[in-house]
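Hi there,

Here is the structure I promised to pass on.

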Amino acid sequence: MTQDQWGTIREELNQTMGANSFQSWIEPLTYLGSENGIARFQVPTNFMGNYVSQNYGDMLLSKITRLNPSIRRIVFDAATSSASNENRASANTKTEAESLSAPAVQTKAAPQSDSLSGSPLDKRFTFDTFVVGKPNELAHAAARRVAEGGPVTFNPLFLYGGVGLGKTHLMHAIAWELRNNHPHLNVLNLSAEQFMYRFVQALRDRKMMDFKELFRSVDVLMVDDVQFIAGKDSTQEEFFHTFNALVDQHKQIIISADRAPEEIKDMENRIRSRLQSGLVVDLHPTDYELRLGILQSKSEMYARMYPGLEVEHGILEFLAARIVSNVRILEGALTRLFAFASLVGKPISMDLTQECLTDILRVSERKVSIEEIQRKVADHYLIRHSDLVGPKRVRTFARPRQIAMYLCKQLTTRSLPEIGRHFGGRDHTTVMHGVRRIEELKKQDAQIAEDVELLRRSLEA
Ligand SMILES: Nc1ncnc2c1ncn2[C@@H]1O[C@H](COP(=O)(O)OP(=O)(O)OP(=O)(O)O)[C@@H](O)[C@H]1O
């Protein structure tokens, strides 16, 4: 992409975004150039990189790829730190089938850390930074126990809970603890998607023996978001064998998912019962006290990073009461608040909080979740939830699926990759395609327009 092309995009954003948002988040970006399909931007701080990546990454990438299809990824380099945040995508809109063998899409901010042989561990995700409250005390205690690295008592440890409630945080905390106290242990931490990707690659390269050897040689296996392999038969089969081989050797397995084993549809029964055979614990939605505790802990951290800025207890109480969705949004709000106050050079007052977080506060007033949207849409079209999020591509399921994706984009603050994950682990380009399709259809097809409006009204009621 040339500087001129970036200039055009910037100008377009200047016209279409609110002046505040543009000045706070887009204007400070410096385009450094692109190479090998990666467009690189410099951002003043790592926080800003995180924020822009999470909130504007998809939008920027789609604008950039439209002008320059060879770009597949954006990297935000923080001027003050070596860490960078990435937004990846395929330049072409992939079909759903193709997306199965596509590289993992990184949706979270890139971890600021080094790595085991699986996913890199995020330095921020330790037991020290995990705030314990009623909703997560059992999951925390179980994670602590496993992290001691003593004899395996429950296998697997199955952690589940809604989006952004701390599953990945706890998994990484276990891995860090084991790594510090038992450096000889071979701990492999990866997402179910990465497991599948490696499996597909091993098949393709005829390296199944290496694959089996690698997975059978680990001492502790951690697999995040296991619901991803539901409906993917050969991956499930291989996962089952890996699982059994490790359990037979008394090696610890830790699994996370967004729902309980019995609720994971399209999962073979033998695997489901294997997943239930250890300790199953859930992370409940946060309560007010836990949210306040998390906000306190994070704001202390931010206050150290932004000398001179602090946030009053009353504002934290306000945020804990108002933002009830999930911890990621809560954190995002605080990050934005500090970054915004520091950029505009003002103290964090209630007025500034409300101005800077209008969109989050508005969305959280409605409290619509992806799950609710999916339920409402499935009920409306008289189809099963599993078909709505499942792999079948017949129109009876595909159209409601696209409508549900569209509503998720409209009514929640979730990013396209996050929405994709809730729809059976679909690629974010598939979600983007679905959203655009409904935008077009709403103009051409009165029935669809009416359905969408009806659903929106009932969700917002
Ligand atoms: N109890 C907690 N204390 C401190 N931070 C928390 C807590 N729970 C969640 N977080 C923070 O919230 C963010 C989201 O958590 P995490 O990524 O672990 O969620 P998740 O359950 O894995 O969600 P997903 O299903 O989207 O992967 C992280 O930045 C994490 O540090």
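Before the notes, one term: two residues are in contact if their C-beta atoms, placed from the backbone, lie within 7 Å. Please also keep in mind that this is a predicted model.

With that in hand, let me begin with helix H12, which covers residues 313-322. Ile-315, Leu-316, Leu-319 and Ala-320 are buried there. Looking down the axis of H12, you will find these buried residues within an arc of 135°, so they line one face of the helix. They pack against helix H11 (288-305), H13 and helix H14 (350-356). The other side of H12 holds His-313, Gly-314 and Ala-321, which are exposed.

H13 (327-344) turns up again at the ligand: this helix and helix H6 (167-181) each give at least two residues to the shell around it. There are 18 residues around the ligand, and those that come nearest are Gly-166, Lys-167, Thr-168, His-169 and Val-327. Domain 2 (134-283) and domain 3 (288-366) each contribute at least three residues to the shell.

Last, a look at Val-431, which sits in helix H20 (residues 428-444). Val-431 counts as buried because it has 27 C-beta neighbours inside 10 Å, where 20 or more are needed. Beyond its neighbours within four places in sequence, Val-431 is in contact with Met-405, Leu-416, Ile-419, Gly-420 and Arg-426. Of these, Leu-416 is 15 residues away in sequence, with a C-alpha to C-alpha distance of 6.2 Å.

Best wishes

Key. Residues are numbered from 1 along each chain as its sequence is written. This is a predicted model: local features need pLDDT of at least 70, side-chain atom pairs count only at pLDDT 80 or more; totals for chains, interfaces and linings use all residues. A residue is near a molecule or strand if its C-beta atom, placed from the backbone, lies within 6 Å of it. Helices (H or I, at least four residues) and strands (E, at least two) are DSSP runs, numbered from the N terminus. Domain bounds come from an automatic or database domain assignment. A residue is buried if 20 or more other C-beta atoms lie within 10 Å of its own, exposed if 12 or fewer, and partly exposed in between; C-beta atoms are placed from the backbone. The arc is that of the directions from the helix axis to the C-beta atoms.
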